[in-house]
Amino acid sequence: MSPRTRNYSPWAYWMLRLATTEPRDPCPVDDPSAIPAWRDRCRARLLALLGPMPDRVPLDLEVLDRVDCGSYARESIVFDCEPTMSVPAFLLVPHARQEPGPAVLAQHGHGPGKSEVCGLGDDESRRAVEQHRGDYAHQLAARGYVVLAPDLRYFGERADRNPPDHYGCDLNLVHAVAAGANPLAQNMWDLARALDVLEQHPLVDPQRIGMVGLSYGGTATLFLAAWDERVRAAVVSGYFSEWRESHRVPWNLCGSQVLPGMLGEIEHVDLGALVAPRPLLIETGIDDLIFPVAGARREVARLAAVYHALGVPERLEHDVFDGGHRWNGDLAYPFLERWLSPDVG
């Protein structure tokens, strides 16, 4: 009698579960006539997964410091998002800006937070960021955009002290689950309030606000653009694929990148379909081991069917570049210039 096959590994358990999880209501890419009704259902699912949001509070924005960075000024600001939570951010305002124009919400990924995308740090860290093109907030401000770069919860100035063997995102998830909350939804709320900040700035045209982000910043960009239509154009870098692909990569996702019960309910392509018909550019490095290029190509091709069905195929772009898990920018900067121009409705 042969011994029974038994599993002791929680990782293998979840991989087996993942292999048998199928979308309950997949995007009907082969039936364009079904897409409008499906988008309504998908939006309702996203709202249900995000759960109830806090009540709005006054932003009570405060400028703490101002530094001249040559072509733009970098203001250290803080604003409130909940009665017991505030958001520190850098606001980059070009000196040449004299009237309302385009703005970008530039979201950092895992790392030191907003300082990285603004090109700050010691000489060694700045060189590393420049080499990997991660200073996209600085690059956008130098190109004439008003840029807001906030810290997400547990990053930058919002990072609590943790021992080296504890990860802030996962600790935050423990507290959130106990309280019936979700860190990704909390960050979505904070970023929606960041859009409020940009909308209210006298040098920003509210109809010309874009959003960009790498890695976890790409997560935040895709989710926020799907949820909040004030994001008029989006660049998602180093993230877009599908859950089945990304969950197979060990130690890939953190406690701030998931929603309870999302598997089988909403996919990357579904979120992209909610961004449509607004312009969306996706960056994928050929050597990105975290979000592999094969899955990205396959899912972008499916998403292209949605943009075709809505009559705007030119509004979806996929920049597949030589490199790994990093920001590229070669197509992103002209993409934003095109779609945030005053002539685009």
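The sulfur of Cys81 lies 16 Å from the closest cysteine sulfur, that of Cys169, which is too far for a bond. The structure is a predicted model, in which local features need pLDDT of at least 70 and side-chain atom pairs count only at pLDDT 80 or more, while totals for chains, interfaces and linings use all residues. Residues are numbered from 1 along each chain as its sequence is written, and side-chain values use heavy atoms, with hydrogens and water left out.

For Cys118, the closest cysteine sulfur is in Cys69 at 8.4 Å, again too far for a bond. With a disulfide defined as a pair of cysteine sulfur atoms within 2.5 Å, the count comes to 0 disulfides. Cys81 is buried, at 0% relative accessibility, and Cys118 is buried at 3%. Here buried means under 20% relative accessible area, exposed over 50%, and partly exposed in between (1.4 Å probe, protein chains only).

Secondary structure elements are DSSP runs numbered from the N terminus, helices being H or I of at least four residues and strands E of at least two. An open sheet of 9 strands has mixed pairing and the order β1-β2-β3-β5-β4-β6-β7-β8-β9. Strands β1 (62–68) and β9 stand at the edges with a single partner strand each, so one side of each has no neighbour in the sheet. From one strand to the next, the twist averages 20°. Two strands are taken to pair if DSSP finds at least two bridges between them.

At the β1 end of the sheet, β1 and β2 are antiparallel and share 6 bridges. Glu62 has Val78 of β2 as its bridge partner. The hairpin of β1 and β2 has 3 residues between the strands, and Gly70 in this hairpin takes a positive phi near 95°. Strand β2 (residues 72–82) is largely enclosed by the rest of the structure, because 10 of its 11 residues are buried.

Strand β2 also pairs with β3 in the antiparallel sense, over 10 bridges. These two strands form a hairpin with 2 residues between them. Glu82 stands opposite Met85 in β3, and Glu75 has Leu91 of β3 as its bridge partner. Strand β3 (residues 85–94) is mostly covered, with 8 of its 10 residues buried. The pairing of β3 with β5 (residues 146–150) is antiparallel and comprises 4 bridges; Ala89 stands opposite Pro150 in β5. Parallel pairing is found between β4 (residues 101–107) and β6, over 6 bridges, with Gly101 opposite Val204 in β6.

Two helices lie across strands of the sheet. Helix α11 (residues 293–309) lies across β8 and β9 and runs at about 165° to β9. Helix α12 lies across β6, β7, β8 and β9, at about 165° to β7. For these angles, axes are lines fitted to C-alpha atoms, for helices over the stretch in contact, and angles run from 0 to 180 degrees between N-to-C directions.

The buried residues of α12 (residues 332–339) are Ala332, Tyr333, Phe335, Leu336 and Trp339. These residues lie on the same side of α12, because they cover an arc of only 160° around the axis. The arc is that of the directions from the helix axis to the C-beta atoms. An α-helix has 3.6 residues a turn, so residues three or four places apart point the same way. The buried residues of α12 pack against α5 (136–142), β6 (204–214), β7 (233–237), β8 (280–285) and β9 (316–321), contact being heavy atoms within 4.5 Å.

Two loop residues were also examined. Asp25, in the loop between α1 (10–19) and α2 (35–50), is buried at 17% relative accessibility. Leaving aside residues up to four places away in sequence, Asp25 touches Trp38, Arg41 and Arg45. The side chains of Asp25 and Arg41 make a polar contact at 2.8 Å. A polar contact is a pair of N or O atoms within 3.5 Å; within protein, one must be able to donate a hydrogen and the other to accept it, and residues adjacent in sequence count only if both atoms are side-chain atoms.

Trp251 is found in the loop between α9 (243–247) and α10 (268–275). Trp251 is exposed, with a relative accessible area of 83%. The C-alpha atoms of Trp251 and Ile290 are separated by 9.3 Å, the two residues being 39 residues apart along the chain.
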